[in-house]
Amino acid sequence: MRLNFHLAHGETARQGLLKLLACCFYASDALQLGVVGSKGAEADLFVERLTGERELSIFLGPPSLADLNRASRQSERVVVLGITDAAWLGWWQRHQHKLARLPKLSVVSVSETEIDTLLPSLQNRVRWHGVLDHETLWLHHNDRVTEVVPNHLQTADTSRIQAA
């Protein structure tokens, strides 16, 4: 799969990398970007069937509980993908018990260290090659390889909660 995108107005490099990782982890020909700059229930990435039914909604960073409840009613699966930093951990600590009540929800994080390793590789035109094996992503960039392994805090199948 070939992916071309740019940072939206006001989007940070870290947010752009998170979007790139989400596209790699949840790759699909039907994966679409949400409306840039929209606030509210619109997911950052989503997969819709031809019938208009939402198969997957992906939120990048911590959304509101109202947005997650709405997305859970409208989608077969909902994923929240974030970067493990102080803000993310605070959000998870405050909401993990309420999130456990959403059986369609998966909460996944990637290490802040992994993101920081990739940041210097960003440039105007960057060409990366990614290999996804099970849940481990190897991103080849600038003669380097960065391994990115997601941390599943809650999975949709079992709504299991783990310590962050």
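Let's start at glycine 61: skipping its neighbours within four places in sequence, this residue is in contact with Leu18, Val80, Leu81, Gly82 and Trp88, where contact means heavy atoms within 4.5 Å. What you're looking at is a predicted model, so local features need pLDDT of at least 70 and side-chain atom pairs count only at pLDDT 80 or more, while totals for chains, interfaces and linings use all residues. Residues are numbered from 1 along each chain as its sequence is written, and side-chain values use heavy atoms, with hydrogens and water left out.

Back to glycine 61, which sits in the loop between S3 and H2. Those labels come from DSSP runs, numbered from the N terminus: helices are H or I with at least four residues, and strands are E with at least two. Glycine 61 counts as buried because its relative accessibility is 14%; buried means under 20% relative accessible area, exposed over 50%, and partly exposed in between, using a 1.4 Å probe and protein chains only.

Follow the chain on into helix H2 (residues 65-74), and you'll find Asp67, Leu68, Ala71 and Ser72 as its buried residues. They end up on the same side of H2 because they cover an arc of only 135 degrees around the axis, the arc being that of the directions from the helix axis to the C-beta atoms. Arg73 and Gln74 are exposed, on the face of H2 turned away from the buried side. And what do the buried residues of H2 pack against? Their partners are strand S3 (54-60), strand S4 (75-84), helix H3 (86-99) and S5.

Helix H3 has a pair of its own to show. Tryptophan 88 and tryptophan 91 form a tilted aromatic pair, 5.0 Å centre to centre with 35 degrees between the planes. Rings of Phe, Tyr and Trp (its six-membered ring) pair if their centres lie within 6.5 Å; planes under 30 degrees apart count as stacked, over 60 as edge-to-face and the rest as tilted. The two tryptophans are about one helical turn apart, because they are three residues apart in H3. Tryptophan 88 counts as buried at 2% relative accessibility, and tryptophan 91 does too, at 4%.

With 13% relative accessibility, serine 106 counts as buried. Its side chain reaches the backbone nitrogen of alanine 156 at 3.0 Å. Leaving aside neighbours within four places in sequence, the contacts of serine 106 include Val78, Val79 and Val80, as well as Gln154 and Thr155.

Now for the strand pairings, where two strands pair if DSSP finds at least two bridges between them. Strand S1 (residues 31-33) and strand S2 (residues 45-48) run antiparallel, joined by three bridges, and glutamine 32 stands opposite phenylalanine 46 in S2. S2 is also joined to S3 by four bridges, again antiparallel, with valine 47 bridging to leucine 56 in S3. The hairpin of S2 and S3 has five residues between the strands, and glycine 52 there takes a positive phi near 95 degrees.

Last stop: strand S7 (residues 136-141) pairs with strand S8 (residues 144-148) in the antiparallel sense over five bridges. Leucine 137 stands opposite valine 148 in S8. This hairpin has two residues between the strands, and asparagine 142 takes a positive phi near 45 degrees.

Methods:
A polar contact is a pair of N or O atoms within 3.5 Å; within protein, one must be able to donate a hydrogen and the other to accept it, and residues adjacent in sequence count only if both atoms are side-chain atoms.
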